[in-house]
Structure formats: structure tokens, C-alpha cells
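Hello,

Here is the structure for you to look over. My notes on its elements follow below.

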Amino acid sequence: MATQLDTLDIFVLVALLLGTIAYFTKGSLWAVEKDATAGIYGGTKVNGAAAKGSKTRDIVKTMEDSDKNMVIFYGSQTGTAEDYASRLAKEGSARFGLKTMVANLEEFDYENLDTLPEDKVAVFVMATYGEGEPTDNAVDFYEFIMSDDINFTEGDRLGNLKFIGFGLGNNTYEHFNAVIRRLTTTLSKLGAKQIGTIGEGDDGTGTMEEDFLAWKEPMWKALQEEMDLEEREAVYEPVFSIAERTDLSAEDDTVYLGEPNKNHLEGASKGPYGVNNPFIAPIKSSREIFTAKDRNCLHMEIDVAGANLSYTTGDHIAVWPTNAGKEVDRFLGVLGLGGKKDGVVDVSGIDPTAKVPFPTPTTYEAIARYHLEICAPVSRQFLASLAAFAPTPAAKEELTKLGGDKDYFQETVSSRYLNIAQVLELNAPGEAWSDVPFSLMIEGLNRIQPRYYSISSSSLVQSKLVSITCVVESIRIPEASHVLKGVTSNYLLALKQKHNGDPEPDPHGLSYAITGPRNKYDGVHVPVHIRASNFRLPSDPSKPVIMIGPGTGVAPFRAFVQERAVLAENGDKIGKTLLFFGCRRASEDFLYREEWKEYAAKLGDSFSLITAFSRDGPEKVYVQHRLKEHAKEVNELLAQGGYFYVCGDAAHMAREVNTSLGNIIAQERGLTETQGEEIVKRLRSSNLYQEDVWS
């Protein structure tokens with residue numbers, strides 16, 4: 001027994017010694033925290049901040065070292081908030097001589113925010129995502145600042161902090177601009193001083209840009225008074241230096257031709273895959289699922305087995321688009337760069353905190369095709385900034401008018417959905433805008449963003465094969481002589497054509513470079529990553545579910561029903577599964593028509609499909625009408641603890657469904673409309689009412 005105790009004692013002592021060594025060497029010899037974005041731009045620093053865990057995560061030190069007195073933080077999901085932050089930084093510098101920097105919220109720590117000197121100001125440009133949630137890059141900051149037991153370096157107060165705020169939201173969501181509202185309240189409670197009023201942009205009404213422009217002028221006036229600033233004549237000062245590299249050619253293996261980072265450039269792509277690092281995934285199958293001759297809807301199966309990627313039913317897949325060759329040529333041509341499209345350039349920040357939005361050296365064509373949103377709607381402010389570089393006096397006068405008159409801008413540009421190159425072409429026909437600094441285009445246009453699609457397959461059924469359902473956007477604009485083409489959906493159409501044997505796919509003459517930079521996407525491949533969602537089936541399959549999914553809004557519900565059908569086959573008890581689906585005509589766009597029959601055979605009486613065909617009868621019938629017709633059953637299922645899901649158009653369908661449900665509950669339970677609305681709100685707050693909607 002004594003020998004056994006001695007051995008045990010030795011074992012314990014050794015374990016304690018190893019534990020002590022491990023504790024004191026953590027972070028130097030092991031468990032070194034790595035950033036998923038490290039090496040993304042070949043080691044280039046981003047906003048002056050290097051990889052996560054470095055000393056430059058200290059925002060106060062970064063501002064002091066770079067002599068900045070204004071930092072504009074952004075929480076952005078689609079790039080708009082980042083664009084607004086950049087525009088504020090440029091304007092603050094040009095008009096008031098402020099020393100500005102733009103900062104991605106996820107690249108800094110905030111424990112010492114209380115030590116930011118009083119002569120500096122912080123701006124928060126915050127988008128609200130989903131049901132009142134912060135954007136992915138703002139989660140860590142938001143959770144830190146909102147915590148109940150927050151502590152900063154010198155206490156729990158922000159008495160020195162002066163701040164400004166602008167929110168980006170959508171009033172079709174219940175929690176409209178919740179992030180900026182909560183943040184403002186919290187910062188004020190912590191003792192920070194708010195300058196001016198908080199701005200709120202509304203994507204739901206389509207007034208986001210004008211909301212931003214209307215907010216910023218009084219904001220600047222308030223800041224002028226607070227910091228005793230003098231306004232000066234704004235003169236363009238480039239943020240980026242563009243150096244043409246005649247010593248390099250597009251064939252050199254050190255030149256980026258659209259590759260998103262160094263690993264991709266060197267042909268050694270590796271995970272983790274995410275918003276800065278796509279997986280080049282093979283398309284396993286693709287087919288057309290509309291029978292209408294003038295409209296397309298694609299079903300694709302994307303293989304993620306080689307990426308160590310996983311998803312859960314209800315998640316989203318992000319597709320990284322490329323701009324069409326037709327628009328790339330138009331863009332470079334109008335800037336007088338058509339003959340130099342393969343010319344190699346180095347882009348670098350003149351200021352050490354400037355963020356180059358893509359890796360360099362690269363080419364003019366690669367920048368236009370893979371990195372800039374050249375097909376996006378144009379901002380009025382951006383057009384005004386281009387007026388000084390117009391090739392003719394008439395063009396200068398017209399752009400100045402467009403920049404200053406919002407009604408004229410709406411009538412002439414916005415209503416026609418013109419992109420930047422189209423506007424410049426129309427205002428100086430046959431002329432090249434060769435005096436426009438290319439740096440201004442990089443600064444003024446958003447970085448091209450991944451497009452997110454609801455995954456239309458169940459992870460329980462096909463864990464490594466992701467399905468997407470995509471309508472190809474092609475909208476004729478009555479006010480203009482062109483057809484608006486969806487960038488990503490037409491890119492996917494080209495991939496589908498190639499996958500199905502077309503040797504030269506060219507949907508609508510848009511000429512996508514579908515084989516990717518240096519033919520790295522050939523085969524056929526598409527760059528993707530997975531984004532987690534809160535749109536989830538109940539963990540208990542016996543719970544009833546009610547799903548409202550017209551058009552491609554049915555995508556996640558195909559996944560839900562697919563999953564429940566398999567669970568039923570496995571012997572699980574399945575609750576009532578009620579799906580409301582709507583489209584134009586049963587003969588043209590009844591998505592997955594035959595599949596529903598297969599699922600019904602497996603689910604039996606627990607599954608019901610209720611359809612609404614808006615153009616098959618004398619009157620238009622939509623899903624919200626069918627919902628009212630089944631009011632009794634819907635109310636009973638909710639009373640049994642059922643879950644209610646909506647996917648699709650936010651502005652009209654989702655809002656009307658929300659209203660209809662409140663009316664149904666009030667009618668069936670003998671309540672007032674107000675009481676019905678309150679019950680719907682409680683369903684939302686308890687996660688029994690979930691939405692996956694878009695503008």
C-alpha cells in the first residue's frame with residue numbers, strides 16, 4: 001500500500017509541474033491564437049492592425065501612433081456600413097482637416113476605450129442584421145460593451161469618450177435599427193457624450209442613401225461646434241497610391257488576377273473558410289426548375305466535402321460573384337483604361353491606417369471584375385465628387401446638378417438603376433473620363449460582397465452537399481432602355497450552362513469569366529463559404545411547424561420538409577408540417593412540384609401543402625390570403641406550441657403575413673387586434689416566430 005501511495009504522490013507532483021509549465025508558456029509555446037484572416041492579403045496589414053493578438057489591437061495606441069483624432073468604426077454585413085464609414089472619413093479630412101481613420105470593429109480590443117483622449121471622437125456606423133442582431137464583424141465588440149459587468153482599464157465609465165452614431169436598418173423587421181439604438185443608450189449610460197443626433201437609415205423604404213445624406217450635414221455642424229473646427233474648401237486627397245508596374249506582367253505568378261489571398265494565388269487554398277477566404281467548390285449538379293421560357297430558376301448541388309465545411313439545416317451559403325465581362329469592359333472603357341486592362345498596378349495606402357480592399361500587385365481588369373461593385377446603384381454623393389474630373393463643361397455641370405438635387409437624381413439615375421459607368425457614358429457620350437483618379441473609384445465604390453442564399457437541403461440528409469435555389473434576375477426597366485441583370489444569379493446561370501455542356505456559356509451576352517483567375521475554377525467550380533443562421537427547426541420533431549414560403553422563399557422549407565421526411569422514415573413522431581407556397585402559375589414556376597409528393601408519401605397526414613397561384617385565376621391569390629383561409633388550423637397549431645416561419649420578400653409579403661397572423665389570432669381567440677399583435681410580438685421574442693427575409 002505504501003508503494004502505491006508513493007507512486008500516486010509522484011504522479012500528482014508531475015501533473016502539477018506540467019500544469020504550471022503549461023500555464024506560464026500559454027500563448028508563447030502553445031495555444032497561440034491564430035486569426036482566420038492571417039495572410040489573406042499576403043501579410044498586408046489591415047487598417048494598421050496586424051493579425052489578431054498583436055499589439056496593434058490597441059485602438060488608442062493605433063490612433064496615437066498615427067496621429068488620428070477621429071476613428072470611424074463600422075459593423076457591416078453587406079459592405080454598405082463600411083462604405084459610409086469610408087465616406088465619412090474622407091469628408092471629415094477634406095472639409096474639416098480632421099485626421100481620420102476607418103476601423104473594422106473586429107480588428108481591435110476595447111478594454112481601454114475609457115482612455116481615449118477627450119480631443120478625439122469615435123463614430124459608430126452600425127448595421128442591424130436579422131432580428132436585432134449585430135453584424136458578424138461587430139459581435140465581439142457588441143457583447144463586450146453590452147455586458148452587465150463591464151470593466152475598462154481604469155474603471156467602469158467612459159467619461160472621456162465623445163461619440164457619433166449612424167444605424168443601417170430595415171423597418172420591415174420588428175427590431176428596426178436595434179443595434180445603434182441599444183449601443184447609443186449603453187454608451188450614454190456609461191458616461192460617454194453623444195454629439196449630434198443618431199442617424200437611422202431605412203433600407204425597407206429604399207431611402208438608406210438619402211437618410212445618410214440628410215443626417216450627416218447637421219452631424220458635421222454639431223461636431224464643428226464641439227471640436228471648434230473650421231470648414232475649408234474640400235479638395236480631393238487620395239487615400240490610395242496607384243503605381244503602374246511596368247516591370248511586371250499579368251503572366252507573372254506574383255500578380256493577383258482575382259485570387260482573394262496569397263494561399264489561393266499559390267494554389268494552396270486552405271481553411272478555415274469564411275468571409276475573407278472562400279472555398280472553390282465543385283458543382284455536382286445543376287438544373288432549371290422553371291418551365292417558363294422567359295424566366296430562369298436554378299437548383300444547384302454544391303460539394304463542400306473537400307473543405308471541412310459543415311452546415312446545419314436553415315443555414316446560408318455565400319456565393320462569391322464576379323462582374324460580367326460586358327460591364328468590366330464598359331467600366332474600364334469609360335475611364336480610358338480599356339487598352340491598359342492587363343496593366344499591373346500596386347495599390348497601397350498613403351496613410352498607414354488605410355485599408356486596401358484587395359491584394360496587390362494586380363491588374364485593372366482583376367480589380368474591376370473581382371473586387372469592385374461596378375454594377376451597383378450609384379450614390380449621389382459619389383457623382384458629385386466626380387464632377388471635378390469631368391471631360392467636358394457640360395458633363396461637369398450635369399454631375400454637379402445630379403449630386404445636389406435629390407429629386408433630379410432619383411428621376412434621372414435611381415429610377416433607371418444605372419451603374420457608375422452607364423451614368424458617365426450618358427453624360428459624356430464618346431468621351432473618356434481619363435482624368436478621374438483610379439484611387440477615387442476604389443474609394444467610392446463598395447468592395448464586391450458575397451451573396452447569401454438560404455440552403456435548400458437538409459444537413460441530416462446530405463451533410464456535404466449544399467443545395468441552393470436561385471431565381472435569375474432580369475428586370476426590364478420601363479424608364480430606361482436596358483435590362484437590369486442580377487450579377488450573381490446570371491453568374492450562376494453561366495455556371496449552370498457550362499456544367500450542362502455549353503462550351504461557351506454567355507447568358508444575355510454578359511460573358512462571365514467562369515473559369516476564374518488562371519482557370520482555377522474550371523471544372524466547374526464556384527467560390528463559397530457557409531454562414532450560420534438562427535433559422536432553425538424545433539429540436540423536438542413532434543412540434544407543429546407552419547411555413548410561409550412563396551417563390552424561392554420556399555428554399556429553406558424544402559430543407560425542413562426533407563429533414564422531417566427522413567426523421568419520419570426513422571420512426572420519429574412528426575408534428576403537423578404545414579407549408580404555404582405561392583407562385584405565378586402552376587404550369588411555370590411551381591418549385592419542386594414532384595418532390596412534395598415524395599415527402600407527403602413519407603410524412604403522411606402530418607404534411608400539408610397549401611398553394612397560391614397568383615395568375616391562374618380571375619383574381620390574384622397570395623400566400624397571405626391562403627393563410628386567412630386556414631385561420632382555425634393555424635391558430636390551433638400555435639396554441640399547441642407550434643413554430644411559425646416566414647421566408648421571402650420583407651417589404652410586402654412578410655409584413656402582410658405578420659399583420660394577417662395578428663388578425664387571425666385576434667379573430668380566433670376573441671381578442672382585439674392590438675392583443676393579437678402583442679401575441680405575435682411574444683411569439684417573435686420567444687423564437688416561435690422566425691423570419692429569413694430580404695428587401
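Strand β19 (residues 545-548) runs parallel to β22, and 4 bridges join the two. Strands count as paired if DSSP finds at least two bridges between them. Ile548 has Val646 of β22 as its bridge partner. Strand β23 (residues 689-694) also pairs with β22, in the parallel sense, over 6 bridges. There, Phe644 stands opposite Tyr689 of β23. β22 (residues 643-649) is mostly covered, with 6 of its 7 residues buried. Buried means under 20% relative accessible area, exposed over 50%, and partly exposed in between (1.4 Å probe, protein chains only).

Some ground rules. This is a predicted model: local features need pLDDT of at least 70, side-chain atom pairs count only at pLDDT 80 or more, and totals for chains, interfaces and linings use all residues. Residues are numbered from 1 along each chain as its sequence is written, and side-chain values use heavy atoms, with hydrogens and water left out. Helices (H or I, at least four residues) and strands (E, at least two) are DSSP runs, numbered from the N terminus.

Next, another sheet. It is open, has 3 strands in the order β8-β12-β13, and its pairing is antiparallel. β8 (240-244) and β13 (362-363) are at the edges with a single partner strand each, so one side of each has no neighbour in the sheet. Strand β12 (residues 344-349) is joined to β13 by 2 bridges. Val345 stands opposite Thr362 of β13.

Now the helices. α16 (residues 555-569) and α17 (residues 593-603) pack at an angle of about 35 degrees, and their axes are 8 Å apart. Axes are lines fitted to C-alpha atoms, for helices over the stretch in contact; angles run from 0 to 180 degrees between N-to-C directions. From α16, the contact is made by Phe557, Arg558, Val561, Gln562, Arg564, Ala565, Ala568 and Glu569. α17 brings in Glu595, Trp596, Tyr599, Lys602 and Leu603. Contact means heavy atoms within 4.5 Å. By class, there are 7 nonpolar, 1 polar and 5 charged residues. Here Ala, Val, Leu, Ile, Met, Phe, Trp, Tyr, Cys and Pro count as nonpolar, Asp, Glu, Lys and Arg as charged, and the others, Gly among them, as polar.

In helix α8 (residues 325-334), 7 of the 10 residues are buried, so the rest of the structure largely encloses it. These are Gly325, Glu327, Val328, Arg330, Phe331, Leu332 and Val334. They pack against α9 (364-371), α13 (420-427) and α14 (438-444). After α8 comes Gly336, with a positive phi near 75 degrees.

Ile195 lies between β6 (193-194) and β7 (199-202). Ile195 counts as buried, at 4% relative accessibility. The C-alpha atoms of Ile195 and Ile164 are separated by 5.4 Å, though the two residues are 31 residues apart along the chain. Leaving aside residues up to four places away in sequence, Ile195 touches Val121, Lys162, Phe163, Ile164, Ala222, Leu223 and Glu226.

Best wishes
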